[in-house]
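Keep the structure open alongside as you read.

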Amino acid sequence: MQTRENFGGRLAVILAMAGSAIGLGNIWRFPYLVGQNGGAAFILVYIAACALLAMPIFMAEAVIGRRSGSNTFGAMKKLAPGTRWKWLGLVTVVAPLLLLSYYSVVGGWAVDYFMKACSFRFIGDTSGLFGGFISSTWEPLVTHTVFMALTAGIILLGVTKGIEKFTKITMPMLFILIVGIVIYGLTLPGSWKGVEYMVKPDFSKINAQVVATAMGQAFFSLSLGVGTILTYASYMRKEENIVSAGNCTAAFDLLFALLAGFAVMPAVFAAGIQPEEGPGLVFDTLPYIFSQMGWAGTVVSVLFFFSILIAALTSSISLLEVGVAYLVEEKGWSRRRSTLVLAFGTWALGVLCSLSFGPLSGVKLLGVGIFDFLDKLCTNWLMPFGGLLFTLFVGWKMSKADVRDELTGGGTCNRRLFPLLYFLMRYLAPVGIVVVFLTNLFL
Ligand code: PHE
């Protein structure tokens with residue numbers, strides 16, 4: 001039996017979990033989804049999805065992780081020995097690796113943009129940076145490799161010296177950077193239209209598709225359904241309060257998504273650009289806007305792409321840790337070997353994802369390119385699927401007494417809240433996820 005490392009304390013747990021949650025989902029995805037789905041109305045639906053759907057699943061994963069003190073596979077073996085639940089453990093070892101393969105490609109774009117910003121390459125160059133760059137062969141491959149190497153490097157250092165230390169230093173820094181960028185954006189003439197767009201809801205924009213998108217984004221943004229929260233919670237000490245860790249993580253995650261929105265939208269409106277631009281909003285539109293602002297724009301773009309890079313790294317390490325914990329604990333591999341093997345495997349798959357924008361753009365899986373296929377597979381299917389089974393496990397398979405023990409800290413806290421949480425886990429969250437599935441299937 002290995003001796004397991006634990007996070008040092010409450011703050012360490014919250015920062016690591018918030019580090020996993022806050023990532024490309026907040027800074028890259030959230031602003032463009034807001035732009036595509038009607039602004040403030042989408043934000044309200046998103047907040048409801050986080051509170052009613054994502055939070056119970058977060059708690060369910062955390063309960064399983066902390067109760068078992070194991071990786072995803074080991075957790076199922078411990079809490080439901082001799083049953084088929086262990087397969088859920090295995091699926092959630094593979095899913096985060098699939099996700100990491102293309103996440104690292106986008107992380108690589110952030111590396112590239114950060115370096116371009118540092119060398120003042122945005123000034124005067126407004127010629128479709130995004131389209132040209134991602135479809136080239138070598139450049140994105142190099143930056144994908146750099147990103148994966150950074151991820152593996154932090155994981156090699158271990159839970160306390162790697163994950164805990166890195167997130168403790170970078171998360172507060174990220175907050176200061178983003179707030180600074182928001183303040184700068186608000187000083188631009190015409191930026192208030194962007195603020196208005198973020199706060200004035202137009203409810204006519206809401207339909208089933210928008211609701212499903214908001215639910216999917218809540219999953220992605222809170223890192224749910226792929227075992228990352230489970231694995232991090234397994235490093236939580238017994239005296240830590242799961243409910244308050246979950247609330248803090250969700251609150252920080254939402255705060256960062258909103259801050260990213262307020263960093264991006266005012267600049268977009270100030271430049272007179274349409275917010276519906278889509279995935280290129282942050283990587284294409286923003287450099288264009290920054291390039292119009294001379295020196296100040298360059299400084300802000302350096303800080304902005306550095307923030308994206310840091311946020312992406314604190315998430316990618318959580319994705320790699322799931323598989324590493326599995327190999328170390330279940331197969332007896334060393335941390336070094338597990339990290340190197342998994343990082344190499346995911347890197348290789350990531351190479352195909354990156355090339356799918358260029359030389360491999362003709363390769364289609366179910367009608368879409370490799371990158372889009374993996375993204376759809378993970379966000380539309382594997383994450384909700386994992387989330388559904390985790391809540392069903394906690395709501396229907398584990399004994400109520402065990403779940404109560406975890407959520408109320410052995411009866412010392414959250415006693416009044418428990419019935420509501422338990423109801424959400426047993427009924428509302430599973431039904432909500434089935435709705436996401438059906439919408440993805442039929443719309
Ligand atoms: N939550 C991360 C983000 O917002 C992505 C992620 C998903 C990380 C699942 C870990 C697990 O970018």
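This is a predicted model: local features need pLDDT of at least 70, side-chain atom pairs count only at pLDDT 80 or more; totals for chains, interfaces and linings use all residues.

## The largest pocket

Start with the largest pocket, which has 26 lining residues; Arg 29, Tyr 32, Asp 375, Lys 376 and Asn 380 sit nearest its centre. Helix 2, helix 6 (129-134), helix 10, helix 16 (370-397) and helix 18 (418-442) each give two or more residues to that lining. Helix 16 puts in the most, with six residues.

As for volume, the largest pocket comes to about 630 Å³.

## The largest cavity

Searching the whole structure turns up three cavities of 30 Å³ or more. The largest cavity holds about 120 Å³ of space, and this is where the ligand sits.

There are 17 residues in the lining of the largest cavity, with Ser 20, Tyr 103, Phe 220, Ser 223 and Ser 315 nearest the centre. Helix 1, helix 2, helix 5 (85-118), helix 10 and helix 14 each bring at least two residues to it. By class, the lining of this cavity splits into eight nonpolar and nine polar residues, with no charged ones.

## Around the ligand

What surrounds the ligand? A shell of 16 residues does, the closest being Ala 21, Leu 24, Gly 25, Tyr 103 and Phe 220. Helix 1 (10-21), helix 2 (24-36), helix 10 (208-221) and helix 14 (294-330) each contribute at least two residues to the shell. Seven of the shell residues are nonpolar, nine are polar and none is charged.

The side chain of Tyr 103 has a polar atom 2.5 Å from a ligand oxygen. On its own the ligand would expose 320 Å², and the protein buries 100% of that.

## The second largest cavity

The second largest cavity has about 50 Å³ of space. Its lining residues include Ile 181, Tyr 184, Leu 188, Ala 263, Phe 290 and Phe 304. Helix 8 (159-186), helix 12 (242-270) and helix 13 (280-291) each supply at least two residues here, and helix 8 has the largest share, with three.

How does this lining divide by class into nonpolar, polar and charged? Nine residues of the second largest cavity's lining are nonpolar, one is polar and none is charged.

Definitions and conventions:
Residues are numbered from 1 along each chain as its sequence is written. Side-chain values use heavy atoms; hydrogens and water are left out. A residue is near a molecule or strand if one of its heavy atoms lies within 4 Å of it. A polar contact is a pair of N or O atoms within 3.5 Å; within protein, one must be able to donate a hydrogen and the other to accept it, and residues adjacent in sequence count only if both atoms are side-chain atoms. Accessible areas come from the Shrake-Rupley method with a 1.4 Å probe; for residues, only the protein chains shown count as cover. On a 1 Å grid over the protein atoms alone, a cavity is a set of points where a 1.4 Å probe fits but cannot get out, and a pocket is an open set with protein on both sides within 12 Å along at least five of seven lines; lining residues have an atom within 4 Å of a point. A molecule sits in a cavity or pocket if more than half of its atoms lie within 2 Å of its grid points. Helices (H or I, at least four residues) and strands (E, at least two) are DSSP runs, numbered from the N terminus. Ala, Val, Leu, Ile, Met, Phe, Trp, Tyr, Cys and Pro count as nonpolar, Asp, Glu, Lys and Arg as charged, and the others, Gly among them, as polar. Grid points are joined across faces, edges and corners, and a volume is the space filled by probe spheres set on the points.
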